[in-house]
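Subject: Structure handover and findings

Hello,

Here is the structure I promised to pass on. My notes follow below it.

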Amino acid sequence: MDNPYGLLAELTYSCPLQCSYCSNPLQLDDYRDELSTEEWKRVFTEAAGLGVLQLHLSGGEPLQRRDIVDLVQHANQLGLYTNLITSGLGLSTLRAEQLRKAGLDHVQLSIQADDQALSDQIAVTTSFERKQVAAGLIKSLGWPLTLNVVLHRQNIDRIGGILDMAEAMEADRVELANTQYAGWAGPNQAELLPTRNQLEGAEAVVRAARERIGDRMEIIYVMPDYYSMYPKPCMDGWASRQFTVVPNGEALPCPAAHEVARGLGLPPATVREHSLQWIWNEAPLFQQYRGTDWMPDPCRSCDRKEIDFGGCRCQAFALTGDAARTDPVCHLSPDHGIVEAAVEAANDPLRPHNGPLIPRAKVSRAKRAATATQERPARTSLSLSPTRLKD
């Protein structure tokens, strides 16, 4: 068993956007009791001691935390490589300069579409123009810029325009990731899953863009699981390389494991009660699907079991109710018919689409107020002394 190299710190589930594909849990009210500044600092310190090298600061929207600059400075002093995963809303010039001075290494900016009306419709928030401003600010301060675009039925046909926009923004990297049906994307799957024709068109556009752009901008295109023969090696295996700490301090083997943890009925592994070292090495949730001994057939006897690790445990749970089942995406899975039915429905020309989506719920300011007293205000001085090294 290797030590983890990456920690995803979901600082808050508060977010100004309401994207219907958001991977945050449906029960957002259960995560209102956010870790304080000092608690997060302790988590980062323990993570560095455990061998973590990369710290991804996410949410929700991490800029909603008033202490974000203080947290970045602390992580920088620990020698962690810090990546801010943000919608760009709340990234003012002052806040950006403070984060740069504190030692933030990288920014990953979410983009919904290249068209203002569609982008704002997907985000359920007027945000398109503010994202343009944020991208310019990020580049002006010398940060590497990654654009993250979640692809789905309603924006995948605009992939050419999205890549043109990314090139105009001088992005260093673009992640074109088809939706994973966890969190809010689960109940919206029927309206988000693209058709085969859409995917074929998108792949052709990506190939042409790679040839044209070359190494000026890295383009990563992730195929949707439902159209693959085999599942992806989710997280390089359960509790193998990376882990997540959510706003209330619960630690998870992957960002989407909220429902699996609930379904197993295991005691939560929380940083308020245990050290990260104990959680990584001993917590029942982290042990549950680590390695290959837990696997049923056909995974147990499959020569790919150390390649894809049986696929995604969260997807298996969402589709079958049993996280130990072979990921139904795999064509060898006894539950593969579930995925085949979803794909058939998505490609049915007679089935109406582009229906209403369930937007991600907002966490109201009143609900967040309970945690405000736990947080120290972020330092406003620009005379910080960082020591140095997502998306």
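Predicted model: local features only at pLDDT ≥ 70, side-chain atom pairs only at ≥ 80, totals over all residues.

**The loop between strand 7 and strand 8**

Start with this loop. Strand 7 covers 218–222 and strand 8 covers 242–245, and Tyr230 lies in the loop between them. Tyr230 has a relative accessibility of 30%, so it counts as partly exposed. Together with Met229 and Leu332, Tyr230 makes a nonpolar surface patch of about 280 Å².

Met235 has a positive phi of about 55°, although it is not a glycine. Its place is in the loop between strand 7 and strand 8. Asp236 lies in that loop too. Phi of Asp236 is also positive, near 60°, and this residue is likewise not a glycine. How accessible are the two? Met235 is at 22% relative accessibility and therefore counts as partly exposed. Asp236 is at 34%, so it is partly exposed as well.

**Cis peptide bonds**

Look at two peptide bonds. The one from Gly59 to Gly60 is cis, with omega near 15°. Gly60 sits in the loop between strand 2 (54–58) and helix 2 (68–77). The bond joining Asp297 and Pro298 is cis too, with omega of about 10°. Pro298 is in the loop between helix 11 (284–287) and helix 12 (305–308).

**Salt bridges**

Side chains of opposite charge can pair when their charged atoms come close. The structure holds 18 salt bridges.

- Glu46 and Arg42: the closest N and O atoms are 3.3 Å apart. Both residues are in helix 1 (residues 37–50), and they are four residues apart, so about one helical turn separates them. Glu46 is partly exposed, at 24% relative accessible area. Arg42 is partly exposed at 32%.
- Asp67 and Arg65: their side chains meet in a salt bridge at 2.7 Å, N to O. Both residues are buried.
- Arg173 and Glu175: the closest N and O atoms are 2.6 Å apart. The cut-off for buried is under 20% relative accessible area. Glu175, at 11%, therefore counts as buried. Arg173, at 24%, counts as partly exposed.

There is also a network. Salt bridges that share partners join Asp164, Glu167, Arg212 and Arg216.

**Helix 6 and helix 8**

Two packed helices are described by the angle between their axes and the distance between the axes. Helix 6 spans residues 159–168 and helix 8 spans residues 196–213; their axes come within 9 Å and cross at roughly 25°. Angles under 35 degrees count as roughly parallel. Helix 6 and helix 8 are therefore roughly parallel to each other. Which hand does the crossing of helix 6 and helix 8 have? The crossing is right-handed.

**Arg313**

One last residue. Arg313 is in helix 13 (residues 313–320). With a relative accessible area of 3%, Arg313 is buried. Arg313 and Gly136 are 177 residues apart in sequence. In space, C-alpha to C-alpha, Arg313 and Gly136 are 38 Å apart.

Best wishes

Terms used: Residues numbered from 1 in each chain as written. Heavy atoms only, no water. Patch = residues over 30% accessible without salt bridge, like charges linked within 9 Å, V, L, I, M, F, W, Y side chains within 5 Å. Areas by Shrake-Rupley, 256 points an atom, 1.4 Å probe, with all protein chains shown as cover. Salt bridge = Lys/Arg side-chain N within 4 Å of Asp/Glu carboxyl O. Helix = DSSP H or I, 4+ residues; strand = E, 2+ residues; numbered from the N terminus. Buried < 20%, exposed > 50% of the residue type's maximum accessible area, 1.4 Å probe, protein only. Axes fitted to C-alpha atoms, helices over the stretch in contact; angles between N-to-C directions. Parallel < 35°, antiparallel > 145°, perpendicular 65-115°, else oblique. Left-handed = near helix turned anticlockwise from the far one by under 90°.
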